[in-house]
Amino acid sequence: MQNENAIQAINLTKTFRIKSPQSSGHFGRRKTMSVNAVDNLNLTIKRGQLFGLLGPNGAGKTTLVKMLCTLLPPDSGTATVNGYDIVKQPMQVKRSLGTLFSVGERGFFWRLNGYRNLEFFAAIYNVPRVKRQERIMEVLKLVGLEGSAFDLYQRYSGGMKRKLALARTLLADPPILLLDEPTVGLDVISSRNIREFVRNTVKETGKTILYTTHYIEEAAHICDQIGILSRGRLIACDTPNAIRAMIKQNELVYIVVEEIIPDQIERMRLLPAVTSLTENDEYALGNQKGFCLELKSVDQVPAIFDFLFKEKIKLVNFRREEPTLEDAFIELTGRP
């Protein structure tokens with residue numbers, strides 16, 4: 001019976017020794033210090049899941065991906081990919097994976113066209129010769145490069161090069177894809193095309209994708225579940241909405257009203273439900289007045305409506321401001 005977990009890491013740890021920026025005082029030599037790039041990490045990704053791994057630069061995202069695809073050995077702990085141990089069964093792990101790093105254009109031959117480049121990698125990946133041409137054109141069509149298949153690689157744009165790298169990861173039809181910051185450095189249109197391709201790939205093929213990024217709203221837009229990595233540790237793991245709900249903050253509401261007098265404004269400010277009130281005329285027109293109210297909780301919103309109704313104040317506009325994934329990310333990682 002196939003394990004329902006596509007990727008599982010248990011107490012996975014990777015430590016690097018680096019030179020301290022300050023000298024020890026003995027002949028100007030710098031001390032050597034240990035840094036846990038991945039620190040006792042526990043992670044489970046189900047089959048068919050599009051899992052986003054968020055983290056600031058240096059959080060350990062790329063190190064984790066390199067361990068999962070057997071490029072780096074862990075110092076302790078273990079992990080399985082498609083049911084295979086990354087240390088004991090590295091060849092089976094490699095056959096189960098398609099991996100794309102943020103510098104995905106490396107390894108291609110600039111003086112060959114896109115098709116010939118993929119033909120070279122198809123031979124390396126043991127794609128059967130009789131099916132090779134069909135498979136190459138199939139993956140080129142999947143990533144939207146069928147019309148540029150025979151253009152020289154050196155003439156490809158940055159987005160086209162990244163698409164060809166994605167096509168390379170799909171050649172052997174692996175069940176699991178590791179995509180390490182696939183949209184970094186790309187323009188808005190190319191980034192959007194990559195995101196749509198990734199999302200559609202999960203829907204249409206049922207592949208499992210680990211998608212690392214430091215673009216917060218990108219992860220929120222396409223991922224079923226998100227993990228937040230900080231200093232090598234997984235500090236949160238849930239759906240985007242659940243992670244937003246983790247942070248505790250007062251409720252912010254914006255209202256625009258008509259026919260309100262200073263005395264009513266002051267009494268609204270003194271309501272038990274209101275923590276603070278400030279004028280905000282961004283959306284107010286003519287003789288309208290706008291306010292930002294900080295409430296103790298969302299349950300206090302009806303108290304504002306009751307006050308406006310009793311005072312016969314006409315409500316023109318109402319808007320709630322909910323915490324974003326970016327707010328949660330900053331609060332959980334402690335980094336602006």
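**Exercise 1.** Determine whether Asn 82 is buried or exposed, and describe its place and its backbone.

*Solution.* Asn 82 has a relative accessibility of 16% and therefore counts as buried, where buried means under 20% relative accessible area, exposed over 50%, and partly exposed in between, with a 1.4 Å probe and protein chains only. Its place is in the loop between β4 (76–81) and β5 (84–85), strands here being DSSP runs of E with at least two residues and helices DSSP runs of H or I with at least four, numbered from the N terminus. The model is a predicted one, in which local features need pLDDT of at least 70 and side-chain atom pairs count only at pLDDT 80 or more, while totals for chains, interfaces and linings use all residues. Residues are numbered from 1 along each chain as its sequence is written, and side-chain values use heavy atoms, with hydrogens and water left out.

**Exercise 2.** Carry out the analysis for Arg 231, giving its place, its phi and its accessibility.

*Solution.* Begin with the place: Arg 231 is in the loop between β9 (225–230) and β10 (233–238). Its phi is near 50°, again a positive value in a residue other than glycine. With a relative accessible area of 51%, Arg 231 is exposed.

**Exercise 3.** Work out which residues of helix α10 are buried, how they are arranged around the axis, and what covers them.

*Solution.* Helix α10 spans residues 301–310, and within it Val 301, Ile 304, Phe 307 and Leu 308 are buried. These residues cover an arc of only 120° around the axis, and so they lie on the same side of α10; the arc is that of the directions from the helix axis to the C-beta atoms. An α-helix has 3.6 residues a turn, so residues three or four places apart point the same way. On the other side of α10, Phe 309 and Lys 310 are exposed. The cover over the buried residues, judged by contact (heavy atoms within 4.5 Å), includes β11 (251–258), α9 (262–269), β12 (274–279), β13 (289–295) and β14 (314–321). Just after α10, Lys 312 takes a positive phi of about 55°.

**Exercise 4.** State how the protein chain is divided into domains and what distance separates their centres.

*Solution.* The division, whose bounds come from an automatic or database domain assignment, gives domain 1 (5–23 + 35–240) and domain 2 (251–328). Taken over C-alpha atoms, the centres of domain 1 and domain 2 are separated by 46 Å.
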